[in-house]
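The points below are grouped by topic.

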Amino acid sequence: MSVKVNGKKLHLTTFEIPTTGKNIRKCLVAQKNFAEVGEVIDHVNTDDDDSMIKALDAQIKLIDTYTEFLKPILHLSDEQAQKVEDSDFNDVVDFTNEVIDKVLGYDSSKSTESEDK
């Protein structure tokens, strides 16, 4: 089985992503990376220079992680990956969350449709 994700917000096409064990693993690893970075950022001590530097490094890693996740799972070319990097960061986050939700079967639009019926 596969899922479709519309990449229009990032000036990309619609992608069909197989829901293979390999892709599910990529999604779970990405979620783990996002959580680890979030943990560092959430526990920053603004009075400690070392803590601030770690938080900034974590934020940089977070930004890089989005492209590093999307490029292989969507088989993006270098040009497409550049479009992701040049896009509004909130759109990249939303798109990445949609990819992960759909691959893992947590597609909120489907559950919303079910609740409306």
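Which side chains meet in a salt bridge at 2.4 Å, N to O? They are those of Asp78 and Lys71, where a salt bridge is a side-chain nitrogen of Lys or Arg within 4 Å of a carboxyl oxygen of Asp or Glu.

This is a predicted model, in which local features need pLDDT of at least 70 and side-chain atom pairs count only at pLDDT 80 or more, while totals for chains, interfaces and linings use all residues. Residues are numbered from 1 along each chain as its sequence is written, and side-chain values use heavy atoms, with hydrogens and water left out.

**Overall architecture**

- The protein contains five helices and two strands; these are DSSP runs numbered from the N terminus, with helices (H or I) of at least four residues and strands (E) of at least two.
- Read from the N terminus, the order of the elements is β-β-α-α-α-α-α.
- Along the principal axes, the C-alpha atoms occupy a box of roughly 50 × 35 × 25 Å.
- Of the contacts in the protein with a separation of 6 or more, 57% are between residues 24 or more positions apart; a contact means heavy atoms within 4.5 Å.

**Surface and burial**

- The protein has 117 residues, of which 32% count as buried; buried means under 20% relative accessible area, exposed over 50%, and partly exposed in between (1.4 Å probe, protein chains only).

- The protein carries 14 positive and 24 negative charges, whose mean positions lie 10 Å apart.
- In this count Lys and Arg are positive and Asp and Glu negative, whereas His and the chain ends are not counted; each charge is placed at NZ of Lys, CZ of Arg, CG of Asp or CD of Glu.
- Asp64, Glu68, Glu85 and Asp86 form a negative surface patch, to which helix H2 (49–74) and helix H3 (78–86) are the elements that give two or more residues.
- Such patches are made of residues with over 30% relative accessible area and no salt bridge, like charges being joined within 9 Å and nonpolar side chains (Val, Leu, Ile, Met, Phe, Trp, Tyr) within 5 Å.

**Salt bridges**

- The structure holds five salt bridges, including the pair formed by Asp91 and Lys9, whose closest N and O atoms are 3.8 Å apart.
- That pair links distant parts of the chain: Asp91 lies in helix H4 (residues 89–104) and Lys9 in the loop between S1 and S2, at a separation of 82 residues.
- Lys9 counts as exposed, at 54% relative accessibility.
- Lys54 forms a salt bridge with Asp50, with the closest N and O atoms 3.5 Å apart.
- Because Lys54 and Asp50 are four residues apart in helix H2, about one helical turn separates them; Asp50 is partly exposed, with a relative accessible area of 43%.
- In the bridge between Asp78 and Lys71, Asp78 is exposed at 60% relative accessibility, whereas Lys71 is partly exposed with a relative accessible area of 31%.

**Backbone geometry in loops**

- His11, a residue other than glycine, has a positive phi near 60° and lies in the loop between strand S1 (2–6) and strand S2 (14–18).
- The relative accessible area of His11 is 61%, so His11 is exposed.
- His75 also is not a glycine and has a positive phi of about 55°; His75 sits in the loop between H2 and H3 and counts as exposed at 67% relative accessibility.

**Sequence separation and spatial distance**

- Asp86 and His11 are 75 residues apart in sequence and 9.9 Å apart in space, C-alpha to C-alpha.
- Asp42 and Thr19 are 23 residues apart in sequence and 32 Å apart in space, C-alpha to C-alpha.
- Asp42 lies in helix H1 (residues 21–42) and is exposed, with a relative accessible area of 61%.

Terms used
Areas by Shrake-Rupley, 256 points an atom, 1.4 Å probe, with all protein chains shown as cover.
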